[in-house]
Amino acid sequence: MGGHEPTYFLRARYIRAVEELGGIPLILPLVAEPSARRRLLDLVDGLLITGSGPDLPPHLYGEEQHYEFPLVSERRADFELELVHQARKRDLPVLGICGGMQTVNVACGGSLYQDISAQVPGALDHRQKTTAVHVVHSVTVAPQSLLNKVIAKSKLMVNSSHHQSVKTVAPSLKASAMAPDGIIEAIESPPHRFLLAIQWHPEFLFERHAVHRRLFEALLRAARRTRA
Ligand code: MN
């Protein structure tokens with residue numbers, strides 16, 4: 001957090017997860033030039049789109065902002081949406097996490113609940129009070145989905161540190177996990193090799209839970225096939 005000075009901030013545990021599970025992490029800077037973006041993408045075999053804290057500007061999915069939550073910079077939003085577009089075109093493996101899942105959905109033409117507790121009556125509190133190394137709610141996984149294949153489970157416990165979620169699933173995507181209150185917790189793109197996004201934070205869980213480790217391992221496996 002650099003005050004008013006634009007500053008890059010990324011939790012090191014994302015990098016640790018990729019590195020400890022056999023990948024080479026590379027952080028991409030938010031360049032604006034389209035050709036520079038394409039050249040950066042030429043350097044990588046897959047993408048991990050991380051959570052962000054602030055929300056995507058609602059105009060990106062055709063809505064006015066209804067609640068006063070901090071927004072990510074237009075530069076970051078534009079860069080990450082473009083990464084998703086390019087990855088779909090190239091069939092580059094993508095794992096979206098939390099805010100990264102929301103970015104994937106919006107990039108593909110879906111929309112978001114701007115605030116679950118204000119817009120979804122009876123929803124669970126998806127902002128856990130304990131640290132994210134603890135799991136707090138279950139999700140049910142769609143049979144025959146990529147997610148189901150990756151984790152080999154039809155139900156699992158996850159952490160939950162989000163106040164937004166997918167509202168309308170993008171036309172080309174399908175929901176592949178749901179919380180008990182109906183909130184969508186994972187989306188994926190069936191025609192693609194590996195385009196999966198989840199609402200929880202496996203980077204807090206991978207060390208202790210094999211099921212969450214498998215998400216990173218599957219991304220890295222798909223990335224190695226890009227290289228091959
Ligand atoms: Mn949740």
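**View 1. Helix α4 and its buried residues.** In α4, the buried residues are Gly99, Gly100, Met101, Gln102, Thr103, Val104, Asn105, Val106 and Ala107; buried denotes under 20% relative accessible area, exposed over 50% and partly exposed in between, with a 1.4 Å probe and protein chains only. The helix, residues 99–107, is thus described as mostly covered, with 9 of its 9 residues buried. Helices (H or I, at least four residues) and strands (E, at least two) are DSSP runs numbered from the N terminus. Just after α4, Gly109 adopts a positive phi of about 100°. The model is predicted: local features require pLDDT of at least 70, side-chain atom pairs count only at pLDDT 80 or more, and totals for chains, interfaces and linings use all residues. Residues are numbered from 1 along each chain as its sequence is written, and side-chain values use heavy atoms, with hydrogens and water left out.

**View 2. The manganese site.** Five residues coordinate the manganese ion at 2.2 to 2.3 Å: His126 (ND1), His137 (NE2), Ser160 (OG), His162 (NE2) and Glu185 (OE). Donors are N, O and S atoms within 2.8 Å of the metal (3.2 Å for Na, K and Ca); water is not among the atoms, so sites may look incomplete. The spacing of the donor residues in sequence is H-x10-H-x22-S-x1-H-x22-E. His162 is buried, with a relative accessible area of 4%, and Glu185 is buried at 0%.

**View 3. Surroundings of Gln86.** Gln86 belongs to helix α3 (residues 74–90). The residue is buried, with a relative accessible area of 8%. Leaving aside neighbours within four places in sequence, Gln86 is in contact with Arg38 and Leu41, where contact means heavy atoms within 4.5 Å.

**View 4. The chain as context for the close-ups.** The protein chain comprises 7 helices and 9 strands. Its radius of gyration is 16 Å, close to the 17 Å given by the globule rule for 228 residues, so the chain is as compact as a globular protein of that length; the radius is taken over C-alpha atoms, and the rule is 2.2 Å times the number of residues to the power 0.38. Along its principal axes, the C-alpha trace spans about 45 × 40 × 35 Å. Buried residues account for 49% of the 228 residues.
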